Amino acid sequence: MRSRCESDRAGAAQSVINKVGDYAAAGLAVVNTQENEEYRGYVDEWQIGLNCTPGDVEDVALKLEMLAVDPDLRRRMGENNRTFAEAHFDRRHTYKEMVKIMGRLLKETPEEKYVL
């Protein structure tokens, strides 16, 4: 039986939260223990780090070792993470996109136009 992390909590944040953007902007590879499927998908799709089984300390250790012994993998994943940050977390772009989305939503539901 595998060990569980003491800090493993059911019901932890299950959305992509702001600190993920901070990690990405740092341009470092991540060892992800989040259960959030959206972020796990980003980790795989963008190749920004390695996903672990949440709470499985042996899996976390294995993924850390993989990065520790392969500087080229760390570099590539870190560069990918920085590119990911620029694409998804640069407020100069993301806020404009949010305004567009809100505008479309308001146009689609005119009865809610005056709620704001």
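## Side-chain contacts in a predicted model

Mentor: Glutamate 86 counts as partly exposed, with a relative accessibility of 43%. On this scale, buried is under 20% relative accessible area, exposed is over 50%, and partly exposed is in between (1.4 Å probe, protein chains only). The model is predicted, so local features need pLDDT of at least 70 and side-chain atom pairs count only at pLDDT 80 or more, while totals for chains, interfaces and linings use all residues. Residues are numbered from 1 along each chain as its sequence is written, and side-chain values use heavy atoms, with hydrogens and water left out.

Trainee: Which side chain meets glutamate 86 in a salt bridge?

Mentor: A salt bridge needs a side-chain nitrogen of Lys or Arg within 4 Å of a carboxyl oxygen of Asp or Glu. Here the N to O distance is 3.1 Å. The partner of glutamate 86 is arginine 82.

Trainee: Is arginine 82 buried or partly exposed?

Mentor: The relative accessible area of arginine 82 is 37%.

Trainee: Which residues do salt bridges with shared partners join into one network?

Mentor: Arginine 75 meets aspartate 72 at 2.5 Å, N to O, and meets glutamate 79 at 3.0 Å, N to O. Along helix α4 (residues 71-88), aspartate 72 is three residues from arginine 75, and glutamate 79 is four residues from arginine 75. The network made through shared partners consists of Asp72, Arg75, Arg76 and Glu79.

Trainee: What is the relative accessible area of glutamate 79?

Mentor: Arginine 75 is partly exposed at 40%, and aspartate 72 is partly exposed at 35%. Glutamate 79 is also partly exposed, with a relative accessible area of 43%.

Trainee: How many salt bridges does the structure hold?

Mentor: Among them are the pair of arginine 75 with aspartate 72 and the pair of arginine 82 with glutamate 86. The number for the structure is five.

Trainee: In what order do the elements of the protein chain run from the N terminus on?

Mentor: Helices (H or I, at least four residues) and strands (E, at least two) are DSSP runs, numbered from the N terminus. The chain has five helices and two strands. Their order is α-β-α-β-α-α-α.

Trainee: How many aromatic pairs does a search of the whole structure find?

Mentor: Rings of Phe, Tyr and Trp (its six-membered ring) pair if their centres lie within 6.5 Å; planes under 30 degrees apart count as stacked, over 60 as edge-to-face and the rest as tilted. With that rule the search finds three.

Trainee: What are the centre distance and the plane angle for tyrosine 42 and phenylalanine 84?

Mentor: The pair counts as tilted. Tyrosine 42 lies in helix α2 (residues 37-46) and phenylalanine 84 in helix α4, so the pair ties together parts that are 42 residues apart in sequence. Both residues are buried. The centres are 5.0 Å apart and the planes are at 55°.

Trainee: How is the pair of tryptophan 46 and phenylalanine 84 classed?

Mentor: The ring centres are 5.3 Å apart and the planes are at 65°, so the angle falls in the edge-to-face class. Tryptophan 46 is in helix α2 and phenylalanine 84 in helix α4, so this pair ties together parts that are 38 residues apart in sequence. Tryptophan 46 is partly exposed at 25%, whereas phenylalanine 84 is buried at 0%. The class of the pair is edge-to-face.

Trainee: Which residues do the ring pairs link into a cluster?

Mentor: Phenylalanine 84 pairs with tyrosine 42 and with tryptophan 46. The cluster consists of Tyr42, Trp46, Phe84 and Phe89.

Trainee: Which side chain does a polar contact join to aspartate 44?

Mentor: A polar contact is a pair of N or O atoms within 3.5 Å; within protein, one must be able to donate a hydrogen and the other to accept it, and residues adjacent in sequence count only if both atoms are side-chain atoms. Aspartate 44 lies in helix α2 and is exposed at 52%. At 3.1 Å, the side chain joined to aspartate 44 is that of asparagine 51.
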